[in-house]
Amino acid sequence: MKRFLVLLLAVLAVFILFVSCDGKKAAETESKTEADTESVSKSDAIYGTYIRENDNGYDSFSITLHEDGTYTYYETMISSHLGHGEYTIEGNLITLIDTQIPTYSSSATYEFKFEYRDGKLIYLAAKSDQFMYVHIPDGAEFERFEIEVETKKPE
């Protein structure tokens with residue numbers, strides 16, 4: 001019963017996260033050669049939600065990049081912390097800057113670096129601060145999540 005409740009809460013948390021996203025379908029991207037992935041611009045349709053399953057097996061870590069240069073992330077359902085801030089793009093390096101992570105005395109600034117490759121965010125642990133609630137290994141892939149909405153025409 002306890003396991004069922006944990007699973008139910010995980011599904012509910014993920015559902016709420018995805019429903020709260022803007023719901024826009026991500027632009028289709030063509031397959032790119034290695035040379036094409038060397039530099040990312042805001043016109044590359046990188047906006048959207050990227051997900052990685054957490055090692056605990058029942059929830060996921062999500063990062064949403066918004067068109068206005070801001071982002072949000074949600075590490076785990078165990079935490080109520082919803083990270084947010086601004087991101088920068090230099091070449092194919094995306095840096096998330098979070099200035100609101102709480103500490104015992106105030107808040108701190110953290111930077112999380114990712115390489116954008118083949119439509120995925122690849123975590124660069126050696127160049128990044130650690131996230132608060134989960135350990136993400138170097139090279140962990142966050143895959144783009146797209147919601148397929150099927151509409152039926154009236155008969």
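Two rings of Phe, Tyr or Trp are taken to form a pair if their centres lie within 6.5 Å. In the predicted model described here, ring pairs of this kind link Phe61, Tyr71, Tyr73, Tyr110, Phe112, Phe114, Tyr123, Phe131 and Phe142 into a cluster, and the count of aromatic pairs comes to 11. One of them joins Phe114 to Tyr123, whose rings are 5.3 Å apart from centre to centre with 50 degrees between their planes, an arrangement that is classed as tilted. Phe114 also pairs with Phe142, and because the planes of these two rings stand at 85 degrees, with the centres 5.5 Å apart, this second pair is edge-to-face. Since Phe114 belongs to strand S6 (residues 107–117) and Phe142 to strand S8 (residues 141–145), the pair ties together parts of the chain that are 28 residues apart in sequence.

When neighbours within four places in sequence are left aside, Phe114 is in contact with Ile63, Asn92, Leu93, Ile94, Leu96, Leu121, Ile122, Tyr123, Leu124, Phe131 and Phe142. Several of these names return in the description of the core. The largest nonpolar core has 23 residues, and those with the most contacts inside it are Ile63, Leu65, Leu96, Phe114, Leu121, Tyr123 and Phe142. At least two residues of this core are supplied by each of strand S2 (60–65), S3, strand S5 (93–102), S6 and strand S7 (120–123).

With regard to the chain as a whole, the model contains 1 helix and 8 strands, and the order of the elements from the N terminus is α-β-β-β-β-β-β-β-β. The chain has 155 residues, of which 36% count as buried. Of the contacts between residues at least 6 apart in sequence, 37% join residues that are at least 24 apart.

Strand S2 was then considered in more detail. As 6 of the 6 residues of S2 are buried, this strand is largely enclosed by the rest of the structure. Both of its faces are covered, for Ser60, Ser62 and Thr64 are buried on one side, while Phe61, Ile63 and Leu65 are buried on the other. S2 runs antiparallel to strand S1 (residues 48–53), to which it is joined by 6 bridges, and in this pairing Glu53 stands opposite Ser60. The hairpin formed by S1 and S2 has 6 residues between the strands, and within this hairpin Gly57 takes a positive phi near 85 degrees. S2 is also antiparallel to S3, the two being joined by 4 bridges, with Leu65 having Tyr71 as its bridge partner in S3. In the hairpin of S2 and S3, where 4 residues lie between the strands, a positive phi near 90 degrees is found at Gly69.

Thr76 and Ile78 both belong to the loop between S3 and S4, and the strands on either side of Ile78 are S3 (70–74) and S4 (82–90). Thr76 has a relative accessibility of 2% and so counts as buried, whereas Ile78, at 62%, counts as exposed. The side chain of Thr76 makes a polar contact of 2.4 Å with the side chain of Asp59. Apart from neighbours within four places in sequence, Thr76 is in contact with Asn54, Asn56, Asp59, Tyr133 and Val134, while Ile78, under the corresponding condition, is in contact with Tyr58 and Asp59. Ile78 and Tyr133, although separated by 55 residues in sequence, have their C-alpha atoms 8.3 Å apart in space.

Definitions and conventions: Residues are numbered from 1 along each chain as its sequence is written. This is a predicted model: local features need pLDDT of at least 70, side-chain atom pairs count only at pLDDT 80 or more; totals for chains, interfaces and linings use all residues. Side-chain values use heavy atoms; hydrogens and water are left out. Rings of Phe, Tyr and Trp (its six-membered ring) pair if their centres lie within 6.5 Å; planes under 30 degrees apart count as stacked, over 60 as edge-to-face and the rest as tilted. Buried means under 20% relative accessible area, exposed over 50%, partly exposed in between (1.4 Å probe, protein chains only). Contact means heavy atoms within 4.5 Å. A nonpolar core is a set of buried Ala, Val, Leu, Ile, Met, Phe, Trp, Tyr and Cys residues joined through side-chain atoms within 4.5 Å. A polar contact is a pair of N or O atoms within 3.5 Å; within protein, one must be able to donate a hydrogen and the other to accept it, and residues adjacent in sequence count only if both atoms are side-chain atoms. Two strands pair if DSSP finds at least two bridges between them.
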